[in-house]
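Please examine the sequence and the structure shown below before reading the briefing that follows.

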Amino acid sequence: SQLSCPALVTALSTRLDQAVSIDNGVMHMMGLANIPMIVLFGPTNSSKFAPKNNFTKILDSKIIYKTNDINTITVDEVYNLI
């Protein structure tokens with residue numbers, strides 16, 4: 001499709017059973033679709049920027065490992081939330 005806009009991303013996101021994302025624009029658009037998500041945070045503030053719904057699970061490297069380095073979050077930690 002030649003279409004691209006935030007509304008299209010949000011609309012298509014409603015078809016997902018679950019998503020995994022970092023803190024970015026696409027994550028915020030998927031958050032508007034109210035789908036279950038696992039969101040990884042590094043340097044940004046998860047309490048301020050995470051979607052405010054009951055479907056979002058947060059992995060924040062600052063809370064878990066006391067570092068801004070998002071790379072410290074392991075694949076197993078994400079997999080365990082799925």
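**A partly exposed residue and its setting**

Asn 34 counts as partly exposed because its relative accessibility is 44%; buried means under 20% relative accessible area, exposed over 50%, and partly exposed in between, with a 1.4 Å probe and protein chains only. This is a predicted model, in which local features need pLDDT of at least 70, side-chain atom pairs count only at pLDDT 80 or more, and totals for chains, interfaces and linings use all residues. Residues are numbered from 1 along each chain as its sequence is written, and side-chain values use heavy atoms, with hydrogens and water left out.

**Loop residues with positive phi**

- Asn 34 lies in the loop between helix 2 and strand 2; helices (H or I, at least four residues) and strands (E, at least two) are DSSP runs, numbered from the N terminus.
- The phi angle of Asn 34 is near 55 degrees, which is a positive value in a residue other than glycine.
- Lys 66 is placed in the loop between helix 4 (61–64) and helix 5 (75–81).
- Phi of Lys 66 is near 60 degrees, again a positive value in a residue other than glycine.
- Lys 66 counts as exposed because its relative accessibility is 70%.

- Three strands, in the order 1-2-3, form an open sheet with parallel pairing; two strands pair if DSSP finds at least two bridges between them.
- Strand 1 and strand 3 (56–60) stand at the edges with a single partner strand each, so one side of each is left without a neighbour in the sheet.
- From one strand to the next, the twist averages 20 degrees.
- In general, the strands of a sheet pair through backbone hydrogen bonds, either parallel or antiparallel.
- Strand 1 (residues 19–22) and strand 2 (residues 37–41) run parallel and are joined by four bridges.
- Within strand 2, Ile 38 is the bridge partner of Val 20, and Leu 40 is the bridge partner of Ile 22.
- Strand 2 and strand 3 also run parallel, joined by five bridges.
- Val 39 stands opposite Ile 58 in strand 3.
- Helix 2 packs on the sheet and touches strand 1 and strand 2; contact means heavy atoms within 4.5 Å.
- The direction of helix 2 makes about 150 degrees with that of strand 2; axes are lines fitted to C-alpha atoms, for helices over the stretch in contact, and angles run from 0 to 180 degrees between N-to-C directions.

**Faces of the strands**

- Strand 1 has a covered face, formed by Ala 19 and Ser 21, and an uncovered face, formed by Val 20 and Ile 22.
- Strand 2 is mostly covered, as five of its five residues are buried.
- From strand 2, Met 37, Val 39 and Phe 41 point one way, while Ile 38 and Leu 40 point the other way; all are buried.

**Helix 1 against helix 2**

- Helix 1 (residues 6–13) and helix 2 (residues 25–32) pack at an angle of about 55 degrees, and their axes are 8 Å apart.
- Helix 1 is therefore oblique to helix 2; angles under 35 degrees count as roughly parallel, over 145 as roughly antiparallel, 65 to 115 as roughly perpendicular and the rest as oblique.
- Pro 6, Val 9, Thr 10 and Ser 13 in helix 1 meet Val 26, Met 29, Met 30 and Leu 32 in helix 2.
- Thr 10, found in helix 1, counts as buried because its relative accessibility is 16%.
- Leaving aside residues up to four places away in sequence, Thr 10 touches Met 29, Leu 32 and Ala 33.
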